[in-house]
Amino acid sequence: MVLPEDDPLFRALSAATCRAFREAVTTLPQDVVEALRSAAMREPSALAKNELKNILDNIAIAEQRALPLCQDTGVPVVYLTVPPHVPYTETLIYAVGEGVQRATREIPLRPNVVSPLKRENSGDNTGPGMPIVHVRPGSCLSVTVLPKGAGAENMSRLAMLLPTESEKIPRFVAETMLIAGGRPCPPVILGVGIGGTFDGCAALAKEALLLPIDTMDPFEQKLCDAVNALGIGPMGLGGKTTALAVKVRMAACHTASLPVAVNVQCWAARHCTVEVPW
Ligand code: SF4
């Protein structure tokens with residue numbers, strides 16, 4: 001029997017997962033950095049401008065020193081694409097888990113994962129159901145990581161609207177940020193899921209956080225403008241920039257349902273994809 005650690009596929013995917021976490025927690029995607037820079041240029045408030053400058057300085061120092069850019073290195077959310085020639089077996093899931101444990105030791109990541117009621121910390125960011133791994137068919141084997149900090153995740157909301165209430169969506173999105181205030185470390189990116197089912201809608205909202213933020217369609221722009229009109233500003237200290245972007249993903253749903261989910265993401269919008277040559 002081939003033990004997972006003796007399996008070359010296990011080793012390659014585990015190493016790629018660890019590499020993706022290292023890149024994600026130390027270097028923000030360029031579209032996020034650019035959005036922060038242009039927000040800093042547009043902000044009329046000196047305090048807001050200064051907060052954005054502090055965030056940009058923090059990002060630059062983290063990248064130079066290869067250190068995590070926030071102390072909360074999140075919980076591990078992972079997306080795998082699996083091509084037809086790679087067997088989809090438990091080996092892939094074990095490999096991702098081992099990659100998370102290795103990243104926790106080597107980078108290091110803060111051990112954030114605990115049992116939900118006893119609050120016992122596993123010490124390695126894994127546990128039953130964690131990391132969360134979403135698997136999709138694809139043309140190549142790839143691992144995408146999205147380390148998700150709790151400050152922003154805790155402010156996320158989901159509503160099962162009536163099918164006739166689509167006009168309430170902008171209000172629900174803005175209200176989510178109004179309730180959150182400065183707690184999710186704004187400026188935020190909001191991932192909005194519309195449609196699907198109760199669980200599927202939340203997954204859509206999280207996947208929306210992987211979309212590039214350098215463009216928004218007119219509906220996304222309308223939602224973003226509604227959030228920025230709140231004046232919460234960078235780190236909640238007031239200003240025009242509460243959200244850098246709002247991104248929407250939709251799915252078909254039951255004729256009697258209209259689920260809407262808002263997944264709040266802080267400025268530390270970390271994600272990274274690594275392809276595994278296989
Ligand atoms: S919300 Fe984001 S920036 Fe704030 S502490 Fe958590 S991970 Fe860090």
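The domain assignment of the protein gives domain 1 (4-26 + 69-147), domain 2 (35-61) and domain 3 (150-265), where the bounds come from an automatic or database domain assignment. The centres of domain 1 and domain 2, taken over C-alpha atoms, are separated by 32 Å. The model is predicted, and local features need pLDDT of at least 70, side-chain atom pairs count only at pLDDT 80 or more, while totals for chains, interfaces and linings use all residues. Residues are numbered from 1 along each chain as its sequence is written.

Helices (H or I, at least four residues) and strands (E, at least two) are DSSP runs numbered from the N terminus, and axes are lines fitted to C-alpha atoms, for helices over the stretch in contact, with angles running from 0 to 180 degrees between N-to-C directions.

| Helix pair | Angle | Axis distance |
|---|---|---|
| H1 (residues 8-26) and H4 (residues 90-106) | about 45° | 7 Å |
| H2 (residues 30-42) and H3 | roughly 150° | within 9 Å |
| H6 (residues 169-180) and H8 (residues 218-228) | about 40° | 9 Å |

Angles under 35 degrees count as roughly parallel, over 145 as roughly antiparallel, 65 to 115 as roughly perpendicular and the rest as oblique. With an angle of about 45°, H1 and H4 are therefore oblique to each other. H1 passes H4 in a right-handed crossing; a crossing is left-handed if the near helix is turned anticlockwise from the far one by less than a right angle, and right-handed if clockwise. Among the H1 residues that meet H4 are Leu-9, Phe-10, Leu-13 and Phe-21, and the residues of H4 that they and their neighbours meet include Leu-92, Tyr-94, Val-96 and Val-100, a contact being counted if the C-beta atoms of two residues, placed from the backbone, lie within 7 Å. The residues of the contact of H1 with H4 divide into twelve nonpolar, four polar and four charged. In this division Ala, Val, Leu, Ile, Met, Phe, Trp, Tyr, Cys and Pro count as nonpolar, Asp, Glu, Lys and Arg as charged, and the others, Gly among them, as polar.

For H2 and H3, the axes cross at roughly 150°, which makes H2 roughly antiparallel to H3. Their crossing is left-handed. On the H2 side, Val-33, Leu-36, Arg-37, Ala-39 and Ala-40 take part, and they meet Lys-49, Leu-52, Lys-53, Ile-55, Leu-56 and Ile-59 in H3. This contact of H2 with H3 has eight nonpolar, no polar and three charged residues.

H6 and H8 pack at about 40°, and H6 is therefore oblique to H8. Pro-170, Val-173, Ala-174 and Met-177 of H6 make the contact with Lys-222, Leu-223, Ala-226 and Val-227 of H8, and by class it holds seven nonpolar, no polar and one charged residues.

Most residues other than glycine have a negative phi, and most peptide bonds are trans. Ala-66, in the loop between helix H3 (46-65) and strand E1 (77-82), has a positive phi near 55°. A cis peptide bond joins Ile-107 and Pro-108, with omega about -5°, and another cis peptide bond joins Met-130 and Pro-131, with omega about 10°. Pro-108 lies in the loop between H4 and strand E2 (132-137), and Pro-131 is also found in the loop between H4 and E2.
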